[in-house]
Amino acid sequence: MNSKAIAIKEAKTEHPVLDIIKKRWSARSFSPQKISDTDMATLFEAASWAASAGNIQPWMYVYAHKGTKGFDSLFDCLDGGNQIWNKNASVLIASIKRKTADNKKENAWASHDTGMANAQLFLQAVSMEIYPHPMAGFDKEKLAKVLDLDEDHEPVCMISLGYLDEPEQLEEPFRTREITPRTRKPVSEFTKVL
Ligand SMILES: Cc1cc2nc3c(=O)[nH]c(=O)nc-3n(C[C@H](O)[C@H](O)[C@H](O)COP(=O)(O)O)c2cc1C
């Protein structure tokens, strides 16, 4: 457990929001504790109940536990900077979108809806004290090859998961990032009443 980081990272919001939203953050210090496949199924169930255009549900997930060949294959697709702190991740996930609908036409909302599913997975995870960290820092072509994806499927992001550990186990600059408060634009900066 990582009580110091939890206290620092919890969102200090302008307006009242759900506790689970305040508690989610993109952690990097993960403990060796394993995540069970039962819990993984719960996370994907949460993802599956996201809204999606036409209920197409364009998301797909491929995941692997640390200590497996699959994990090493996913890990190899990460950028160097992400590899440093992902050594301790319990699970790596490839979040993938299906680009077309059943009628073979392009689904313009595939990325949006996969992101919606990811957000639900994240909040479910935090409710179970599992911390998700989304990543764009990976080699998309390499990942598509490793996973043998067809033309209709494309990686959206990678996600690491783990239970929290102390920030001190991280090397810099990640240690400092793990205990730096999170900030957001004020709501007034990105909203307007018509
Ligand atoms: C699509 C996406 C890609 C991201 N890529 C990376 C990444 O490659 N490496 C990383 O350390 N964090 C990555 N992040 C995490 C963001 O830096 C983080 O969400 C942002 O700074 C806000 O912090 P918070 O999630 O703790 O609230 C990514 C987040 C998203 C949503």
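**Helix crossing, ligand shell and local backbone geometry**

Helix α3 passes helix α6 in a right-handed crossing, where right-handed denotes that the near helix is turned clockwise from the far one by less than a right angle, and left-handed that it is turned anticlockwise. This is a predicted model, in which local features need pLDDT of at least 70 and side-chain atom pairs count only at pLDDT 80 or more, whereas totals for chains, interfaces and linings use all residues. Residues are numbered from 1 along each chain as its sequence is written, and side-chain values use heavy atoms, with hydrogens and water left out.

The axes of α3 (residues 37-48) and α6 (residues 110-127) come within 7 Å and cross at roughly 140°. Axes are lines fitted to C-alpha atoms, for helices over the stretch in contact, with angles from 0 to 180 degrees between N-to-C directions. Helices (H or I, at least four residues) and strands (E, at least two) are DSSP runs, numbered from the N terminus.

Around the ligand stand 13 residues, of which S26, R28, H133, A136 and R184 come nearest; a residue is near if one of its heavy atoms lies within 4 Å. The shell around the ligand comprises five nonpolar, four polar and four charged residues. Here Ala, Val, Leu, Ile, Met, Phe, Trp, Tyr, Cys and Pro count as nonpolar, Asp, Glu, Lys and Arg as charged, and the others, Gly among them, as polar. Strand β3 (131-135) and helix α5 (80-86) each supply at least two shell residues, and β3 gives the most, with three.

A side-chain N or O atom of R24 is 3.0 Å from an oxygen atom of the ligand. For N82, a polar side-chain atom lies 2.9 Å from a ligand nitrogen atom.

Two backbone features lie in loops. The peptide bond from E172 to P173 is cis, with omega near 5°, and P173 is found between β4 (153-162) and α8 (174-178). Q57, which is not a glycine, has a positive phi of about 55°.

How values were computed: A polar contact is a pair of N or O atoms within 3.5 Å; within protein, one must be able to donate a hydrogen and the other to accept it, and residues adjacent in sequence count only if both atoms are side-chain atoms.
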